[in-house]
Protein chains: 2
Amino acid sequence: MLSRRLFARCLSSRRVFSTLNPVTDSDVTHFTRILSPSSVLSTLSPVSTPHDELDIYNTDWMGKYRGKSTTVLKPKTTEEVSEIVKWCHDKRIPIVPQGGNTGLVGGSVPLKDEVILSLANMSNVRSFDPVSGILVADAGCILQSLTDYVAPYDHIMPLDLGAKGSCQIGGNVSTNAGGLRLLRYGSLHGSVLGLEVVLPNGTILDQLTSLRKDNTGYDLKQLFIGAEGTLGVITGVSILTAPAPQASNNVILALPTFDNVVPLFKTVKRQLSEILSAFEFIDRTAYNLAVKHGQGRALSDEDVEGAECFILVETSGGRREHDEEKLADLLEHLLEADKPLINTGVLAQNPAQFSSLWALREGVTEAVSKEGKAYKYDISVPAATFKQVVDTTRDHLRSKGLLNEDAVKHVLGYGHVGDGNLHLNIVAKAYTPEIQAALEPFVYEIVASHRGSVSAEHGIGAMKTHALPYSKTEVSIALMRKIKELFDPRGIMNPGKVLE
Amino acid sequence: MLSRRLFARCLSSRRVFSTLNPVTDSDVTHFTRILSPSSVLSTLSPVSTPHDELDIYNTDWMGKYRGKSTTVLKPKTTEEVSEIVKWCHDKRIPIVPQGGNTGLVGGSVPLKDEVILSLANMSNVRSFDPVSGILVADAGCILQSLTDYVAPYDHIMPLDLGAKGSCQIGGNVSTNAGGLRLLRYGSLHGSVLGLEVVLPNGTILDQLTSLRKDNTGYDLKQLFIGAEGTLGVITGVSILTAPAPQASNNVILALPTFDNVVPLFKTVKRQLSEILSAFEFIDRTAYNLAVKHGQGRALSDEDVEGAECFILVETSGGRREHDEEKLADLLEHLLEADKPLINTGVLAQNPAQFSSLWALREGVTEAVSKEGKAYKYDISVPAATFKQVVDTTRDHLRSKGLLNEDAVKHVLGYGHVGDGNLHLNIVAKAYTPEIQAALEPFVYEIVASHRGSVSAEHGIGAMKTHALPYSKTEVSIALMRKIKELFDPRGIMNPGKVLE
Ligand SMILES: Cc1cc2nc3c(=O)[nH]c(=O)nc-3n(C[C@H](O)[C@H](O)[C@H](O)COP(=O)(O)OP(=O)(O)OC[C@H]3O[C@@H](n4cnc5c(N)ncnc54)[C@H](O)[C@@H]3O)c2cc1C
Ligand SMILES: Cc1cc2nc3c(=O)[nH]c(=O)nc-3n(C[C@H](O)[C@H](O)[C@H](O)COP(=O)(O)OP(=O)(O)OC[C@H]3O[C@@H](n4cnc5c(N)ncnc54)[C@H](O)[C@@H]3O)c2cc1C
């Protein structure tokens with residue numbers, strides 16, 4: 001049943017492009033008329049940018065997906081975006097919206113030769129209200145720069161992730177990025193208050209309200225959160241920032257066995273309550289790789305001896321002495337228990353240590369990419385099964401004879417326990433069809449057996465369109481197609497992504 | 001321009017019903033076949049329920065809207081809902097989904113003789129996971145009963161509101177209810193994780209995932225949150241509950257002048273940080289009415305002397321002694337300031353006092369309904385303008401000669417400062433066309449001048465369809481219509497609500 005559906009999808013994927021047109025010289029001429037010269041990069045005349053200058057736009061962060069776009073447009077205003085999209089709509093030219101290009105599912109680069117519409121030149125803060133904490137910004141603002149912007153007002157962004165130095169708020173919204181603060185500040189579906197979007201026919205949808213509450217009809221903006229650029233181009237974002245915690249602290253805990261993770265989570269949640277802001281899981285392999293590649297401060301040999309996995313706990317609260325007391329009581333309680341859930345815990349003693357403990361966790365992504373080519377599965381499964389999922393995958397690869405230095409070097413897991421979100425990474429020497437075939441649908445079937453999600457936070461992009469049926473029913477997928485058809489009947493917005 | 005649009009709308013409102021059919025005896029016969037006898041109430045044969053037994057279903061909570069439905073269906077399962085909807089779809093019979101019927105915009109009762117589909121018989125909890133806090137429940141579960149259900153597991157519902165004893169979780173989701181915990185736990189767009197919905201053609205959409213994170217395509221469930229039953233019938237809800245705070249406390253503050261509200265909010269936010277869970281505004285008139293009708297514990301005469309308004313502050317946190325210290329420090333800081341922002345503050349000393357302070361705020365709705373007939377405007381405007389909006393409205397009614405015992409008795413305001421959400425209430429002896437004409441579009445124009453929302457949390461229902469253009473652009477409204485058309489091409493789901 002499923003395979004028949006998959007076959008039908010492959011056909012329709014080719015069909016997606018059959019009614020679309022490539023960019024021509026005359027289109028580029030038009031773009032040079034409506035945009036300033038520095039906003040048009042194209043290998044076509046009259047611009048003739050050297051090919052290699054387009055490489056970074058055509059290649060994704062993992063170096064796994066490569067497009068062949070001839071033309072990158074970098075508009076400076078919403079009106080310019082609207083003009084571009086209108087033209088492309090009329091000429092049936094496909095568009096890939098691109099933010100910081102840090103996406104991990106190949107959604108931000110062309111499948112073929114789509115125009116790349118980069119938001120990089122739209123990076124102004126439009127307004128910030130320090131009383132309500134509501135920030136309104138261009139979609140192209142880099143997450144880190146927004147964090148810096150609100151810091152003097154004692155506010156923080158409600159999301160944080162390893163890619164913060166490059167990813168853009170528009171890209172975050174388009175992928176519904178989760179990241180490291182979700183446990184505390186919730187998802188973007190809650191914290192994004194309004195959006196400005198250029199629809200696939202060029203119309204500007206202004207829902208850029210800066211109201212915390214507005215129940216006037218269907219909440220259309222929600223559809224663009226996580227739509228990965230397939231329903232329109234986000235040009236502005238209104239988002240609720242949070243008051244900055246006065247004090248943050250963290251501790252890394254070494255656990256003798258994975259079985260202690262869930263009981264530990266319960267205990268920590270109860271004792272730290274509202275100041276618990278992260279509870280991150282790192283398995284031994286992930287930890288070792290992070291250390292090997294110089295990501296973060298290694299614990300002492302003694303500390304890590306006999307540890308099967310690690311948990312990074314972060315607190316953030318309004319008063320340092322209260323938070324420290326809670327954290328100290330927790331550690332005491334943990335270490336003095338009859339059957340301790342942890343071997344040891346190392347508490348950050350100063351801001352530098354705080355950062356380097358975080359770097360251990362945040363640096364896993366980086367370390368993995370230095371170690372080899374990674375197959376990344378970002379899945380939702382019950383937290384209690386994290387280890388089992390990693391082990392089963394490793395065993396499976398071993399049984400296929402693929403677990404060795406020339407094929408798969410490591411299978412590891414890390415992620416957000418509070419959210420049931422496991423990052424399963426398979427680090428290989430190179431991307432090969434054998435490994436791919438061994439992993440899929442194998443991994444997706446494991447996920448489906450747990451009624452999990454094949455994409456907890458990274459999205460579907462180009463990488464997982466075929467895997468959608470493992471997490472969504474036929475009724476849901478059919479309805480998604482209707483929504484796509486309603487917004488983008490010509491299919492010009494990021495074709496082949498999310499839905500084939 | 002606007003008035004021309006409004007005229008067009010009135011015409012289209014009549015058109016909404018022109019293709020729809022009333023329930024007939026033969027439909028009722030069919031319903032008795034697919035449902036158990038106690039699930040069908042109808043004045044038609046073969047059931048012949050006495051007319052007055054249908055009154056409570058036909059009349060809204062305010063006694064302002066009255067439908068003429070002949071038939072109320074109370075299915076017990078999702079499949080039964082699906083069967084009903086399929087039949088109505090085929091026969092083009094309009095349906096009003098009804099939860100606890102506590103809605104305040106006339107959305108839950110028929111405009112004409114639509115079938116009322118009550119969820120009251122679907123009230124089972126389907127599952128609860130105390131580790132993740134995820135609760136899955138039938139849509140007909142009453143909010144209070146869910147609160148009670150999760151309490152022994154040390155969890156609380158992420159929302160709370162005055163109507164909790166009657167309103168249903170499905171109704172809460174359908175109205176995107178805000179309420180008293182929004183400041184702390186965010187909106188339902190963030191905390192609702194999944195929905196099961198019977199679509200207007202009877203198909204069951206199963207998006208009842210119990211995953212905290214799932215980025216696999218468009219987040220369709222979001223469209224039903226706040227759709228007020230116009231896109232389908234919600235039959236099941238998966239929602240993230242929060243760990244119960246170990247300690248809650250509250251204090252009522254009397255302010256000499258409204259001007260101090262925003263500065264006070266800033267101070268309180270900074271000092272209480274993550275334990276601040278409510279910051280509620282009550283103006284003097286609202287306070288007096290609550291006291292008059294025995295809602296909550298009155299402060300002493302001395303305490304209220306010279307108070308222009310009141311603020312109720314609630315804290316909830318993980319450790320009583322820490323919270324008490326923070327609250328005590330705040331009060332000290334406030335009272336000892338050179339120019340104090342408050343006259344006085346009364347701290348709850350025990351659970352009974354805690355409840356009766358809350359009753360002052362929660363009881364305003366009740367008190368208003370005892371005092372007379374209320375015109376209720378639930379608007380988003382900047383917190384700094386709350387008083388001005390109330391005063392301007394009162395002055396306007398006075399200038400029209402409508403401010404007296406026989407017309408408008410009181411104009412008052414209360415609401416959620418943190419959310420910029422003001423409940424503007426005009427309490428009249430009776431609903432009259434003169435008062436109505438004096439209030440609208442007057443109030444909506446004030447809202448529009450602040451770029452606010454004409455419905456912060458109660459929704460649009462039947463009451464505010466004509467006011468939508470004050471808060472939403474034409475592009476937005478046109479897109480909403482397309483969504484409605486996509487989901488419900490025959491227009492059978494709650495016709496005339498949200499969109500005319
Ligand atoms: C080191 C590292 C760590 C990461 N950690 C996390 C993590 O913890 N949690 C997490 O969720 N993700 C994580 N990611 C993935 C990625 O960073 C996020 O998904 C990020 O939000 C993408 O933002 P971007 O601006 O780079 O978007 P891009 O990569 O440029 O685009 C992503 C998708 O959104 C679309 N898009 C981008 N901008 C717009 C726009 N303005 N309008 C419409 N569509 C648009 C693109 O077409 C594409 O489909 C990580 C990535 C890296 C490299
Ligand atoms: C005393 C009092 C205090 C209140 N306080 C607040 C408050 O603080 N914040 C706030 O936001 N609201 C408040 N309200 C308004 C109201 O209680 C809420 O909107 C509530 O969420 C409605 O739930 P209900 O089950 O009574 O829905 P109903 O009144 O029965 O229905 C409301 C709307 O939702 C639709 N609907 C109901 N159930 C379903 C379903 N299962 N599927 C599809 N559509 C459905 C109906 O068709 C209707 O359009 C208050 C009301 C009262 C009477």
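Me: How many residues of chain B are in contact with chain A?
Reply: Happy to start there! This is a predicted model, where local features need pLDDT of at least 70, side-chain atom pairs count only at pLDDT 80 or more, and totals for chains, interfaces and linings use all residues. Residues are numbered from 1 along each chain as its sequence is written, chains are lettered from A and ligands numbered from 1 in written order, and side-chain values use heavy atoms, without hydrogens and water. Taking contact as heavy atoms within 4.5 Å, chain A takes part with 81 residues, and the count for chain B is 81.

Me: How many salt bridges does the rule find across the interface of chain B and chain A?
Reply: A salt bridge is a side-chain nitrogen of Lys or Arg within 4 Å of a carboxyl oxygen of Asp or Glu. A:Arg319 and B:Asp329 form one, with their closest N and O atoms 2.7 Å apart. Across the whole interface, the rule finds twelve.

Me: Which element gives the largest share of the shell around ligand 2?
Reply: The shell has 35 residues, B:Pro97 and B:Gly99 being among the closest; a residue belongs if one of its heavy atoms lies within 4 Å. Helices (H or I, at least four residues) and strands (E, at least two) are DSSP runs, numbered from the N terminus. With five residues, the largest share comes from H6(B).

Me: Which residue has a side-chain N or O atom 2.8 Å from a nitrogen atom of ligand 2?
Reply: On the backbone, an N or O atom of B:Gln168 lies 2.8 Å from an oxygen atom of ligand 2. For the ligand nitrogen, the side chain belongs to B:Glu457.

Technical notes: Polar contact = N/O pair within 3.5 Å; in protein donor to acceptor, adjacent residues only side chain to side chain.
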